[in-house]
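Let's take a walk through this one together, piece by piece. Have the viewer open and follow along.

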Amino acid sequence: MSVKVLIPTPLQKFTQNQAAIESNGSSITELLNDLESNFPGIKARLCDEKGDLRRFINFYVNSEDIRFLDGQATPLKDGDEVSIVPAVAGG
Amino acid sequence: MTQAVDTPRTASRQATFTGLKCKECGETYQPEAKHVCEDVCFGPLEVAYDYDAIRRQVTRETIQAGPNSIWRYRAFLPVETDTPIDVGTGMTPLLSAQRLARRLGLKQLYIKNDAVNMPTLSFKDRVVSVALTRARELGFTTVSCASTGNLANSTAAIAAHAGLECCVFIPADLEAGKILGTLIYDPTVMAVQGNYDQVNRLCSEVANTKGWGFVNINLRPYYSEGSKTLGFEVAEQLGWQLPDHIVAPLASGSLFSKIHKGFQEFIKVGLVEDKPVRFSGAQAEGCSPISQAFKEGRDFITPVKPNTIAKSIAIGNPADGVYALDIARKTNGTIEDVTDAEIIEGIKLLAETEGIFTETAGGTTIAVLKKLAEAGKINPDETTVAYITGNGLKTQEAVKGYIGEPLTIEPKLNSFERAWERANTLNRLEWQQTLV
């Protein structure tokens, strides 16, 4: 299950400055574990101690906020694009 | 009244802010263009102040001797310059709303009227004046924003005054008045085919790639501080005391939390006496993620997809929603939402009782005020302030078809007499309907 993951600037130090990477997983939870195995340290930045996504991190699958889908259980399929966007601003 | 503007730059006074601090984890950062706690938890950053320094600089008298604008509170704002961008923003009327109060069964009701804020007739002029002053200090030459309309008006206008390049992003379906009221200042306007939350996300990505100052993204810690002046002014206009209860619209939740911060800062430096102030928030039913969380007792916000005429507050994924929730709960306030029909009635009620024409966000606030008053959630004797944040001339579409039509007559006395009699008959019929 190969998906493209867009990495925000503050996390690119974990990905050797790559803004986009290929990763694997059939859900967001699996994707997070795959990211951690390839880029150690990145998961602790995205998730709290319980493994839940931090409340100011936003994940989008093909531009849809995963909170409108199944949250961390949101399934992924080949060719999906996942964006990680820190802290909503605006308003 | 004419206000002196933009005198030549002089030496910088001692800044009263020390840097940026994460609201979630407390990590500190340099006072740069940055809004995210990048090193730890990705929480939002906020400006940190040296309150001892502010206390040394400020008294009621020094404030009263200051400019007739938000810059009389400069010691509480995150800028270094002695010559901020002053276009006469702020010090809008605090109106004793006696006729509206009687209609709602209240006794001490005030309207803070930012429908007549300068230069673009919404509270956004406050935040933009601060953001662009800071943008200039940080060396930006192009400024930008993700806007539901009022912010685009304000950013474009004040950028024009300050001689900054400007590119604004709005949802493509905004009201005509808000689009025209931006284009007139000749910025680049990107009308994005999507809702505000999609515009906002796009701007987060653009902010990462362009070296622009986005007032409500990378400059957001500075920008949002401008809303504190809505708290400061009300306290000063009430004779240096705090109200008992405030009602304000909720979009991102930033305005609401900054009014609270403004009151707290005035208490902290001894300008007003400490007292409990209840904070109640207003949302449109078609975009009410904060109200839903409040009613369900949740401490997290589930984003929604907006569907309401109140476009200026249609933010489905509100950045400061959790902070607004927290403030409403801890101050014993409430958060309520109203339908689009109630919003239109709210706009009309304020116009007919107080002579203030507000936009849909103001209609939302008045409709929620009415709902809370009817539900007994506002004590009639409480000094209550309702914040009206925008002007109705910008959202004329919202009330078209719900208000009267002019009576077209010939330029002859008898034509007038016939029309006048007919109008009075119609009025009597309306009264009869009301009585039935």
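Predicted model: local features only at pLDDT ≥ 70, side-chain atom pairs only at ≥ 80, totals over all residues.

Ser63(A) lies in the loop between β3 and β4 of chain A, and it has a positive phi of about 75° although it is not a glycine. Asn62(A) is in that loop too, between β3 (57-61) and β4 (64-65) of chain A. Its phi is positive as well, about 50°, and again the residue is not a glycine. Why flag this? Most residues other than glycine have a negative phi.

Chain A has an open sheet of 5 strands in the order β2-β1-β5-β3-β4, with mixed pairing. At its edges sit β2 (20-24) and β4 of chain A, each pairing on one side only. Take the β1-β2 pair if you want something to click on: strand β1 (residues 2-6) of chain A is joined to β2(A) by 5 bridges, and the two run antiparallel. Within that pair, Val3(A) stands opposite Ser23(A) in β2(A). Helix α1 (residues 28-38) of chain A lies across β1, β2, β3 and β5 of chain A, and it runs at about 115° to β2(A).

Follow chain A past β5 (81-86) and you get to Gly91(A), in the segment after that strand. Is Gly91(A) buried or exposed? Buried: 27 other C-beta atoms lie within 10 Å of its own, and 20 or more is what it takes. The contacts of Gly91(A), leaving aside neighbours within four places in sequence, are with Asn216(B), Ala251(B), Ser252(B), Ser254(B), Ile315(B), Pro318(B) and Ala319(B).

That brings us to the meeting of the two chains. The contact takes 15 residues from chain A and 25 residues from chain B. On the side of chain B that touches chain A, helix α7 (residues 196-209) of chain B gives the most, with 4 residues. Sort that side of chain B by class and you get 12 nonpolar, 10 polar and 3 charged residues.

Over in chain B, the UniProt annotation "domain: Tryptophan synthase beta chain-like PALP", from an unreviewed entry, covers residues 88-390. In the model, that span is 44% helix and 17% strand, and its end C-alpha atoms lie 16 Å apart.

You'll find Lys124(B) in helix α4 (residues 124-137) of chain B. With 34 C-beta neighbours inside 10 Å, Lys124(B) counts as buried. Not counting residues up to four places away in sequence, it touches Asn150(B), Leu151(B) and Ser154(B). Look also at the loop between β5 (108-113) and α4 of chain B, where Pro119(B) sits. A cis peptide bond joins Met118(B) and Pro119(B), with omega at about 5°. Most peptide bonds are trans.

Next, strand β12 (residues 335-338) of chain B. Side chains in a regular strand alternate between the two faces of the sheet. Both faces of β12(B) are covered: Ile335(B) and Asp337(B) on one side, Glu336(B) and Val338(B) on the other, are all buried. Strand β11 (residues 278-284) of chain B runs parallel to β12(B), joined to it by 4 bridges. Across from Asp337(B) in β12(B) stands Gln283(B).

Finish with a helix pair. Helix α13 (residues 340-354) and helix α14 (residues 360-374) of chain B pack at an angle of about 90°, with their axes 7 Å apart. α13(B) and α14(B) are therefore roughly perpendicular to each other. Residues making the contact include Ile343(B), Ile347(B) and Leu350(B) of α13(B), along with Gly363(B), Ile366(B) and Ala367(B) of α14(B). By class, the contact has 7 nonpolar, 5 polar and 3 charged residues.

Notes: Residues numbered from 1 in each chain as written. Chains lettered and ligands numbered in written order. Contact = placed C-beta atoms within 7 Å. Nonpolar A, V, L, I, M, F, W, Y, C, P; charged D, E, K, R; others polar. Buried ≥ 20, exposed ≤ 12 C-beta atoms within 10 Å, placed from the backbone. Axes fitted to C-alpha atoms, helices over the stretch in contact; angles between N-to-C directions. Parallel < 35°, antiparallel > 145°, perpendicular 65-115°, else oblique. Pairing = 2+ DSSP bridges. UniProt positions renumbered as here; feature names shortened; annotations may be inferred.
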